[in-house]
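Work through the following exercises with the sequence and the model at hand. Each task is followed by a solution in steps.

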Amino acid sequence: MSAPSVELIRHGRLRRIRRRRTAVLALAVLLAGLFLTGLCVGHTLYRPDEVLRVVLGERIPGASFTVQRLRLPRALTGTLAGFAFGLAGATFQTLLRNLLASPDVIGITSGASAAAVFAIVVLGLGGAAVFLIAVPAGIAVALAVHLLTYRQGVLGARLVLVGIGVGALLNSMVSYLLLRAPAWDVQEAMRWLTGSLGTAFWDGVAPLAAGVLPLSAVLLSLNRSLTVLQLGDDSARALGTRVETGRLALVLCAVGLTALATAAAGPIAFVAFLSGPIAGRLTGGNGSPLLPAALTGASLVLAADLLGQFAFDTRFPVGVVTGALGAPCLLWLLVRSRRTQGAL
């Protein structure tokens with residue numbers, strides 16, 4: 001290979017690396033700005049320096065209660081849930097090489113949702129109890145989908161079809177429970193099913209963080225396994241990767257993140273589905289999609305929550321905003337997926 005060709009390849013590689021780093025930095029700055037805005041903006045506006053002093057523990061009349069007790073747990077819940085949705089969605093889409101293989105589509109969020117509605121409507125539970133029931137239910141549904149799909153390996157298209165069927169069954173169960181429930185329970189269940197941060201308090205932040213942070217760290221550390229597994233099982237084995245072990249670890253982490261996020265904030269529509277493709281467009285498809293997708297997911301949730309609270313005459317839950325914005329993107333991505341055989 002001639003020297004000019006080598007230099008051209010090297011220049012292109014450096015340009016791609018710079019674009020990815022710039023995109024990740026921009027997403028991190030955007031996320032920090034949205035987080036700070038969520039703490040400052042409300043019926044009462046507070047300056048950033050006042051918010052910082054409150055966060056650091058200083059007592060400021062009015063601001064201490066509003067920021068510490070109301071806005072901070074809401075912002076933390078939205079950030080952690082969005083980060084988990086984005087990371088899990090990109091993992092499934094990349095591992096299965098199928099744009100539709102996101103937790104929204106393959107039934108994982110439906111499993112957690114059905115369990116949460118059962119806990120609210122039938123058992124009369126709320127708060128942390130709903131969280132503790134929804135998480136294992138989401139994991140159990142993911143395991144069931146995997147077992148129903150597995151046949152000498154897992155194919156993305158088969159997983160999507162089985163997941164859609166399981167999700168439809170669970171959604172019909174939710175509809176039945178809502179029809180039989182008292183009106184006051186229906187209101188609480190519907191608010192949760194829509195996807196909302198309005199009930200986020202400190203009691204739910206600690207278990208969410210305790211689950212999301214370590215699972216995210218493990219999943220990001222498995223980035224090399226995810227990249228190699230995209231090449232196919234035979235190629236991955238030839239490169240020294242333990243295929244079944246690596247795939248199982250990736251799936252378990254992604255399922256756990258999805259179940260935790262759904263249990264904490266409800267099945268916020270389209271965040272897991274859209275985060276990977278949006279991050280891929282921003283980075284140019286360079287490098288791993290995991291961290292950019294996670295930052296994109298967190299930013300989407302916080303931005304949608306701010307829009308739902310202050311952009312309209314009526315306050316809307318975050319899931320309503322992401323659903324309205326995500327539906328046109330879904331149609332566009334489906335058309336694009338057909339042209340590119342499901343690639344991000």
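**Exercise 1. The largest cavity**

Task: State how much space lies in the largest cavity of this predicted model, and find which elements give two or more residues to its lining.

Solution. Step 1: the largest cavity holds about 130 Å³ of space. Step 2: its lining has 13 residues, and those closest to the centre are Phe-92, Ile-106, His-146, Leu-159 and Val-251. Step 3: two or more lining residues come from each of α3 (63-96), α5 (128-149) and α11 (243-265). Step 4: sorted by type, the lining has 11 nonpolar residues, 1 polar and 1 charged.

**Exercise 2. The second largest cavity**

Solution. Step 2: the second largest cavity contains about 50 Å³ of space. The largest share, 3 residues, belongs to α7. Step 5: by type, this lining divides into 3 nonpolar, 3 polar and 2 charged residues.

**Exercise 3. Overall content and annotated spans**

Task: Give the number of helices and strands, and examine residues 200-222 and 248-278, which UniProt lists among the places of the feature "transmembrane region".

Solution. Step 1: the protein has 14 helices and 0 strands. Step 2: buried residues account for 48% of its 344 residues. Step 3: the UniProt record, an unreviewed entry, places "transmembrane region" at several spans, including 200-222 and 248-278. Step 4: residues 200-222 are 87% helix and 0% strand, with the end C-alpha atoms 31 Å apart. Step 5: residues 248-278 are 84% helix and 0% strand, and here the end C-alpha atoms lie 26 Å apart.

**Exercise 4. Helices α2 and α4**

Task: Determine why the buried residues of α2 line one face of the helix, and compare the reach of α4 with the expected span.

Solution. Step 1: α2 covers residues 48-55, and Glu-50, Val-51 and Val-54 are buried in it. Step 2: viewed down the axis of α2, the buried residues fall within an arc of 100 degrees, so they line one face of the helix. Step 3: an α-helix has 3.6 residues a turn, so residues three or four places apart point the same way. Step 4: after α2 comes Gly-57, with a positive phi near 110 degrees. Step 5: α4 (residues 108-121) has 14 residues and reaches 20 Å from first C-alpha to last, close to the 20 Å expected at 1.5 Å a residue. Step 6: α4 is mostly covered, with 13 of its 14 residues buried.

**Exercise 5. Two single residues**

Task: Is Val-186 buried or partly exposed, and where does Phe-270 lie?

Solution. Step 1: Val-186 is part of helix α7. Step 2: buried means under 20% relative accessible area; Val-186 has 21% relative accessibility and therefore counts as partly exposed. Step 3: the C-alpha atoms of Val-186 and Ile-120 are separated by 8.7 Å, while the two residues are 66 residues apart along the chain. Step 4: Phe-270 sits in the loop between α11 and α12 (271-283). Step 5: Phe-270 is not a glycine, yet its phi is positive, about 70 degrees. Most residues other than glycine have a negative phi.

Methods:
Residues numbered from 1 in each chain as written. Predicted model: local features only at pLDDT ≥ 70, side-chain atom pairs only at ≥ 80, totals over all residues. Heavy atoms only, no water. UniProt positions renumbered as here; feature names shortened; annotations may be inferred. Helix = DSSP H or I, 4+ residues; strand = E, 2+ residues; numbered from the N terminus. Buried < 20%, exposed > 50% of the residue type's maximum accessible area, 1.4 Å probe, protein only. Arc of directions from axis to C-beta. 1 Å grid on protein atoms, 1.4 Å probe; cavity = no way out; pocket = protein on both sides within 12 Å on 5 of 7 lines; lining within 4 Å. Points joined across faces, edges and corners; volume = space filled by probe spheres on them. Nonpolar A, V, L, I, M, F, W, Y, C, P; charged D, E, K, R; others polar. Expected span 1.5 Å × (residues − 1).
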